[in-house]
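Work through the exercises below with the sequence and the 3D view open. Try each task before you read its solution.

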There are 2 protein chains.
Amino acid sequence: MRQGPTITTIAERAGVSIASVSRVLNRLPTSEATVRAVRVAAEELGYVPNSVARSLKSSRTNQVAFAMADIGNPTYVAMVRAMQPVLKDAGFRLILHSTDADIDDELDVLRRLGERYADGLIISPIRLTERHLEAFAEARAPVVVIGSVPDGTPVDNVRADSRTGLRLALDHLYALGRRRIGFVNGPLDTVPGAARARAYADALTELGLPHDPALIEIGDFYRADGAAATRRLLARTRPDALMCANDLIALGALDVLRAEGLRVPEDVAVVGTDDTDLAPVAWPTLTSVALGSAERGRRAAELMLDRLADGDAEPRVVTVEPRLVVRGSTKGTS
Amino acid sequence: MRQGPTITTIAERAGVSIASVSRVLNRLPTSEATVRAVRVAAEELGYVPNSVARSLKSSRTNQVAFAMADIGNPTYVAMVRAMQPVLKDAGFRLILHSTDADIDDELDVLRRLGERYADGLIISPIRLTERHLEAFAEARAPVVVIGSVPDGTPVDNVRADSRTGLRLALDHLYALGRRRIGFVNGPLDTVPGAARARAYADALTELGLPHDPALIEIGDFYRADGAAATRRLLARTRPDALMCANDLIALGALDVLRAEGLRVPEDVAVVGTDDTDLAPVAWPTLTSVALGSAERGRRAAELMLDRLADGDAEPRVVTVEPRLVVRGSTKGTS
DNA sequence: TTGTAGGCGTTATCAG
DNA sequence: CTGATAACGCCTACAA
């Protein structure tokens, strides 16, 4: 933990100027003798270049930041896990921000991008306000947003397609003969909550099913909230299927259905969303709409690398295809 | 995304020197008039301090790095989730390294600490080699290791107590009348694998149970490996309980037991280790030895903060208490 | 090929 | 209280 040597230290030891040291270290044309002297000195001293000083010159930090609501949420974990290798291979470190879905926190992260501690920011806001859009426009470094932003927003954008996703799920339930398909959603003022509410309504319409408000219940995106919401829903009506806005909600629904003595999937089929690691572990295993968390993370990282390579390209929008993963909670036992 | 203003820009605009600007920005005693002029100018220009330049001067980055084998592993996720708020409250950002348990990768991270991109490193190596110990000794910044290191190693250390943990589990199984307690472990050359093997053997001795090699099987730390190992074990003997070295292995064991038509816990009780998010979701819900992943993460972050505040203090060792969380896989249905 | 010197944006130490 | 000015460690013209 002693103080590290600098190019000056090496220069003295090798009996050359700091310019020569820098040249050797950067593989610029230099005489054999100098190269050897510098290499030896650097080796002996255990020299490690100071990336901060280098960043000050180059205005590059080789770090990319990712801001998410909660590092404990499996969806974000899947994203991080997918970004990591992409960024690493390109020589970037990943910095994490957990914002607890606090809007001021998120805006703060965007503002601090100006501090230049990172070359770019990938952000997945759970709510999207006017202030977010302003902050995107004023950001001092490239921003990639995971979650739909309005067209024309000057950022690269990776989108999930909940519309198609929910359609896949409802088609599946319909094909199984289910007609009273309930929906346990998260808050409507969130990006996913709003998107999924629209998607559910559209799917009902397309299937020619009636819109029954009694079949819709809203809670937060966690297991306990999902359980409470399901309880409220069951208290007033009897669905033969439950679509849930994420897997945690679905787990809560499974808890309540089991407690009520209802069989899954015989009495009530259940579908989750996000296809997290929890889905194949649950009992019964959980059918879930995979919105491609991992792929969204990967694509976001790729967009960021492209943007860092060419800052002036047109903003791009990438949409990731959803997929329905059928398991025991809708079909037989597993 | 335009070029940002610097203190020089502000100084010109406010008609003062850069020194005065710096003083105002750092709240050092300054005259009212100067303060106002600088504040106004900074505001108008949308000034944001450059943290890289500040770091160069102060040799502080306000970043702490965490190196783990796999960001997808729930144990590490729990650690990250617990470190995050501690570090954040102290004004530090968290940087992530996923090393895929590659030793060269880990050593590289340690070496690159010399680049000073982070003020300190928290690392949780899955294997611990001689080279690791050397690298710890030579590290250019504080290192906190999660996982036992030999006494005398010059780093702060957070340990789990697998010995007590396995003892709790085996006591529980013994109390339930189980006498043929199998053990599905991970590789013996890993830190947790070795510790848990010793702990299992010790617990058997203390309970006065015979050591039957047929009851021990080794695979890797993932679900499929746990399943395969369990299959091998069942092919040669019939345990009435299975202790598993982590929750993923335990899930694999549950898969196999179910496939073989064995009832859990009636025929075979199952205990996992780490008490991850997966344990309460599994079916039956999984009894698991909580080795305090979250608390280990939290304590590691705290040790790091202490160390950064006082670099010369004696290296500290913190041991986190294990806890047995009893669920359906050992006791009734749940 | 090599060395000198200036600058990246801040902080901090001096005189004034 | 304020303004020059010298670092921090590195890169890079420009000169020699």
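The exercises that follow concern a predicted model.

**Exercise 1.** Describe the extent of the interface between chain A and chain B.

Solution. Start with the residues: 50 residues of chain A are in contact with 53 residues of chain B. Next take the area: about 4400 Å² is buried between chain A and chain B, and carbon and sulfur atoms give 58% of that area. Then look for pairs: 13 residue pairs are in polar contact across the interface, counting pairs with both residues at pLDDT 80 or more.

**Exercise 2.** Find which elements of chain A supply the side that touches chain B, and sort the residues of that side by class.

Solution. Go along chain A and note the elements that each supply at least two residues: α4 (51-58), α5 (74-89), β2 (93-98), α6 (103-112) and α11 (247-259). Of the side of chain A that touches chain B, β2(A) gives the largest share, with six residues. Sorted by class, this side has 24 nonpolar, 13 polar and 13 charged residues.

**Exercise 3.** In which sense, parallel or antiparallel, do β2(A) and β2 of chain B pair?

Solution. Locate β2 of chain B at residues 93-98. The pairing with β2(A) is antiparallel and runs over three bridges. As a check, find Ile95(A): the residue opposite is Ile95(B) in β2(B).

**Exercise 4.** Decide whether the pairs Asp70(B) with Arg81(A) and Arg36(B) with Glu32(B) are salt bridges, and place each one.

Solution. Side chains of opposite charge can pair when their charged atoms come close. The cut-off to apply is 4 Å from nitrogen to carboxyl oxygen. For Asp70(B) and Arg81(A) the N to O distance is 3.2 Å, a salt bridge. Across the interface of chain A and chain B there are five salt bridges. For Arg36(B) and Glu32(B) the N to O distance is 3.3 Å, again a salt bridge. Both of these residues lie in helix α3 (residues 32-45) of chain B, four residues apart, which is about one turn of the helix. Over all chains, the whole structure has 57 salt bridges.

Key: Residues are numbered from 1 along each chain as its sequence is written. Chains are lettered from A and ligands numbered from 1 in the order in which they are written. This is a predicted model: local features need pLDDT of at least 70, side-chain atom pairs count only at pLDDT 80 or more; totals for chains, interfaces and linings use all residues. Side-chain values use heavy atoms; hydrogens and water are left out. Contact means heavy atoms within 4.5 Å. Buried area is the accessible area (1.4 Å probe) that two parts lose on being put together, summed over both. A salt bridge is a side-chain nitrogen of Lys or Arg within 4 Å of a carboxyl oxygen of Asp or Glu. A polar contact is a pair of N or O atoms within 3.5 Å; within protein, one must be able to donate a hydrogen and the other to accept it, and residues adjacent in sequence count only if both atoms are side-chain atoms. Ala, Val, Leu, Ile, Met, Phe, Trp, Tyr, Cys and Pro count as nonpolar, Asp, Glu, Lys and Arg as charged, and the others, Gly among them, as polar. Two strands pair if DSSP finds at least two bridges between them.
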